[in-house]
Amino acid sequence: MTDIEKKIESEERARAYRAKRKVPIWLEVVITVVVAIIIALVVRLFVFEVTRVDGPSMLPTLHTDEQILVNKLGYSFGGQPQRMDVVICKYKGYDSYFVKRVVGLPGESISIKDGEVYINGKVIEDNHKLENITNDFGPVTIPEGHVFVMGDNRNDSMDSRQVGPIPLEDIVGHAMVIVWPFDEIRFLE
């Protein structure tokens with residue numbers, strides 16, 4: 001069989017297949033688009049989300065208008081936030097999300113004295129803060145099922161010092177990667 005004969009036979013088979021099809025091609029396209037939209041919505045609602053940083057509270061780590069990829073599944077199946085994780089959380093009485101760093105874990109006592117954060121009476125190592133904290137705080141014991149969050153810009157952040165410890169169910173996800181602007185793409189520490 002020559003190449004021309006093979007091509008003709010292949011085209012005839014394709015025509016025969018299209019003729020037998022029960023669903024018109026336009027309907028296949030619509031179904032494909034709808035399925036793709038549903039998958040994208042499920043991924044955004046339950047798996048990953050891109051969130052925009054707004055405000056100076058996470059300087060020097062994050063800057064206004066940077067976009068970060070948030071893993072929403074990481075804490076859903078028994079995983080717990082760890083100290084120094086950057087998280088997206090909700091505050092009671094506020095409609096927007098907040099980007100903060102987990103500083104204190106359930107059951108710990110937290111205080112701030114002379115510009116340093118103390119957990120259970122010991123200074124924590126913190127390489128992320130913008131500057132030393134100007135106001136003392138605490139001590140406060142973090143209840144079970146809660147975490148204590150703070151912005152890296154400790155002197156310009158509304159965080160657990162003002163709103164109290166955050167219930168774990170109000171943690172939306174773990175901020176993983178800066179995805180915009182492209183020249184600033186990097187994993188968060």
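Biologist: Why is lysine 92 called exposed?

Modeller: Its relative accessibility is 62%. Exposed means over 50% relative accessible area, buried under 20%, partly exposed in between (1.4 Å probe, protein chains only). So lysine 92 counts as exposed. This is a predicted model, where local features need pLDDT of at least 70, side-chain atom pairs count only at pLDDT 80 or more, and totals for chains, interfaces and linings use all residues. Residues are numbered from 1 along each chain as its sequence is written, and side-chain values use heavy atoms, with hydrogens and water left out.

Biologist: What makes aspartate 170 and lysine 92 a salt bridge?

Modeller: Their closest N and O atoms are 2.8 Å apart. The rule asks for a side-chain nitrogen of Lys or Arg within 4 Å of a carboxyl oxygen of Asp or Glu. So the pair qualifies. Aspartate 170 sits in the loop between β10 (166–167) and β11 (171–180), and lysine 92 in the loop between β3 and β4, 78 residues apart. Strands here are DSSP runs (E, at least two residues), numbered from the N terminus.

Biologist: Is aspartate 170 buried or exposed?

Modeller: Buried, because its relative accessible area is 7%.

Biologist: Which residue forms a salt bridge with arginine 83?

Modeller: Glutamate 108, with the closest N and O atoms 2.6 Å apart. Arginine 83 lies in the loop between β2 and β3 (86–90) and glutamate 108 in the loop between β4 and β5 (109–113), so the pair ties together parts 25 residues apart in sequence. Glutamate 108 is buried at 11%, whereas arginine 83 is partly exposed at 28%.

Definitions and conventions:
Helices (H or I, at least four residues) and strands (E, at least two) are DSSP runs, numbered from the N terminus.
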